[in-house]
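These are my notes from a first look. I wrote down each item as I looked it up.

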Amino acid sequence: MTALTTTRPAPPSTARIALARVGVELRLFARERQQVVFSFAYPVVMMVVFGSVLGGDVLPGGVPFPQYFLAGIAATGIMLTSFQAVGTAIAAEREAGQLERLQLLGTPPAAYFAGKAGQVLVTTAAQLALLLPVARYGYDVPLPADLAHWLTFLWVAALGALAGTVLGIGVSALPGSASSLTTSISAFAIVLQFFSGVFFAFPGLPGWMQQVAAVFPLKWLTQGMRSAFLPEQAAAFEVAGGWEHGRTALVLVAWVIIGVMVCVRTFRWRRADG
Amino acid sequence: MTTTEAAPLPTTTGGDTPAVGVRGLRKSYGGKAVLDGLDLEVRRGECFALLGPNGAGKTTTIEVLEGVRRRDAGEVTVLGEDPATAGRSWRARIGVVSQGEGAGQALSVRETLDHFAHYTSTPRPTDELLAAVGLAEKAETRVARLSGGQRRRLAVALGVQGRPELVFLDEPTTGMDPAARRQFWQLVRDLRSGGTTVLLTTHYLDEAAELADRVGVIAGGRLVEVAPPAELGAPLRRQATVRWREDGGWRAVPTETPAAVLRDLLAATPHGEVPGLTVTRPDLEDLYLALVGTVAGGEPR
């Protein structure tokens with residue numbers, strides 16, 4: 001008597017596997033203590049450090065430094081939990097042979113990507129939920145003024161996290177060991193933060209730096225965050241003289257769409273492809 | 001010869017088509033041919049061992065059959081489909097016991113199996129799997145704290161979780177201690193007696209002899225011989241070697257008719273003994289080494 005049958009039910013749908021992936025990704029994230037502490041504490045610590053040192057400074061438009069900096073550090077935090085976390089995690093999972101198992105099971109890449117995106121959205125939400133009260137009660141930074149500003153905050157954060165996830169999946173396809181990739185990703189992220197106006201007022205940066213930054217999502221994410229946290233009159237001091245919501249959405253959505261198409265083509269389950 | 005005889009093949013309803021059919025498989029890496037016209041047939045329900053030294057092309061063959069590596073040339077069918085183009089429903093019918101990890105070191109054994117149950121429409125219950133591979137007591141242990149042998153068992157559980165018709169095992173016992181190896185062999189026997197076709201690669205001769213209905217010896221990117229373990233290297237087996245001491249040195253005469261050689265030898269020494277006289281036939285290891293070309297012509301040591 002054999003249990004073998006020639007007719008089997010169809011394999012589970014991509015959505016069902018994606019859901020299981022989100023669950024397991026969150027569970028694994030929560031058990032990686034270092035990563036949890038780093039992801040959640042980094043923006044808070046930066047807020048405390050910069051808020052304490054430069055808290056008295058006032059930027060053009062009469063904006064206190066902590067208020068300007070909250071927008072930047074929130075954007076940086078989103079990049080950390082999306083781009084940096086995803087890029088390094090995938091490289092490590094590939095090196096450990098975990099992706100090989102997924103490939104052998106016939107996992108649709110979309111289900112794997114969706115699992116990463118779901119995990120990123122949840123951890124990013126938790127991170128911001130920790131950062132905002134610190135800024136509000138520690139440094140008197142006003143939270144978004146009304147519902148419209150909150151909605152701006154939400155769509156900018158969500159699009160930024162998705163673009164970061166896609167970019168993280170993209171860079172994970174680059175050759176090299178997981179540890180060398182982790183170093184490259186961190187180095188790239190640090191430089192991008194300076195270029196994108198996280199630490200300094202963006203309009204004060206050299207023009208070439210602004211132009212390089214405008215190619216990447218972080219500049220738009222930071223600018224979008226400013227539009228949610230800063231008063232309306234501050235918009236006049238932006239490089240374009242306004243918040244550029246349309247362009248921000250366009251750049252971030254373009255990163256997500258083009259990025260997904262690139263990822264589907266370049267994504268590798270295994271280290272070396274023969 | 002004391003090779004263990006495998007139990008008769010279980011009768012399967014899988015039909016007459018072979019589980020695996022390969023004709024003229026070729027694959028090169030950077031201009032160097034790893035597979036050079038390999039032919040292979042694995043019947044439904046049998047345990048087939050691909051035996052060969054490291055670098056002979058075993059893993060590449062398995063990866064082509066699993067549909068995770070492209071081939072340069074050749075016809076390949078696995079369970080009636082071409083692995084290079086077959087879809088998810090084909091993948092659901094094969095199982096792979098790989099060297100790679102599960103979902104993560106921080107998950108427990110049970111969590112790992114429960115998670116991967118979501119990827120198949122025909123999962124075996126986790127408790128049944130745990131019992132089958134002897135990990136029931138380790139169910140709540142995190143993967144990071146498992147020994148090498150226990151991890152390999154988890155890999156087996158993952159490989160058979162979806163009730164596959166064909167299971168690939170690539171060097172499954174490498175690095176296992178002897179006790180773990182024997183337990184693992186029993187797992188493979190259980191699979192086969194359950195009707196699952198098993199294709200394993202190994203560079204251990206005893207493993208192939210112990211488990212396989214048929215052994216394929218792979219060398220230089222080709223299959224140089226296919227036979228049940230007891231019949232491996234039949235022409236070489238007929239070759240015996242008569243050895244004795246003469247004039248302070250060893251004389252060795254390879255022959256297919258050792259009795260005739262002995263008769264002549266004894267006739268030439270009508271008185272006393274022939275010092276150090278032995279008649280030997282190659283053992284399985286000699287045959288294997290002869291087949292893979294490590295020792296030319298099957299000369300005794």
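How many residues of chain A are in contact with how many residues of chain B? I found 26 residues of chain A in contact with 34 residues of chain B, where contact needs C-beta atoms, placed from the backbone, within 7 Å of each other.

Before going on, I noted that this is a predicted model, in which local features need pLDDT of at least 70, side-chain atom pairs count only at pLDDT 80 or more, and totals for chains, interfaces and linings use all residues. Residues are numbered from 1 along each chain as its sequence is written, while chains are lettered from A and ligands numbered from 1 in the order in which they are written.

**Entry: chain A facing chain B.** I looked up the elements that give two or more residues to the side of chain A that touches chain B, and they are α1 (14-31) and α4 (98-104) of chain A. Helices here are DSSP runs (H or I, at least four residues) and strands likewise (E, at least two), numbered from the N terminus. The largest share, 6 residues, comes from α1(A). By class I noted 13 nonpolar, 7 polar and 6 charged residues on this side of chain A. Ala, Val, Leu, Ile, Met, Phe, Trp, Tyr, Cys and Pro count as nonpolar, Asp, Glu, Lys and Arg as charged, and the others, Gly among them, as polar.

**Entry: two helices of chain A.** I looked up helix α3 (residues 65-95) and helix α9 (residues 217-229) of chain A, whose axes come within 8 Å and cross at roughly 135°. The axes are lines fitted to C-alpha atoms, for helices over the stretch in contact, with angles from 0 to 180 degrees between N-to-C directions. That angle makes α3(A) oblique to α9(A), since angles under 35 degrees count as roughly parallel, over 145 as roughly antiparallel, 65 to 115 as roughly perpendicular and the rest as oblique. Among the residues that meet, I listed A:L70 and A:I78 in α3(A), and A:L221 and A:F229 in α9(A). The residues of this contact divide into 10 nonpolar, 3 polar and 1 charged.

**Entry: domains of chain B.** The domain assignment (automatic or from a database) gives domain 1 (20-93 + 165-232) and domain 2 (235-298) of chain B. Their centres, taken over C-alpha atoms, are separated by 35 Å. I found 10 residues of domain 1 of chain B in contact with 7 residues of domain 2 of chain B. On the domain 1 side, α7 (205-211), β8 (214-219) and β9 (222-227) of chain B give two or more residues.

Terms used. Two residues are in contact if their C-beta atoms, placed from the backbone, lie within 7 Å.
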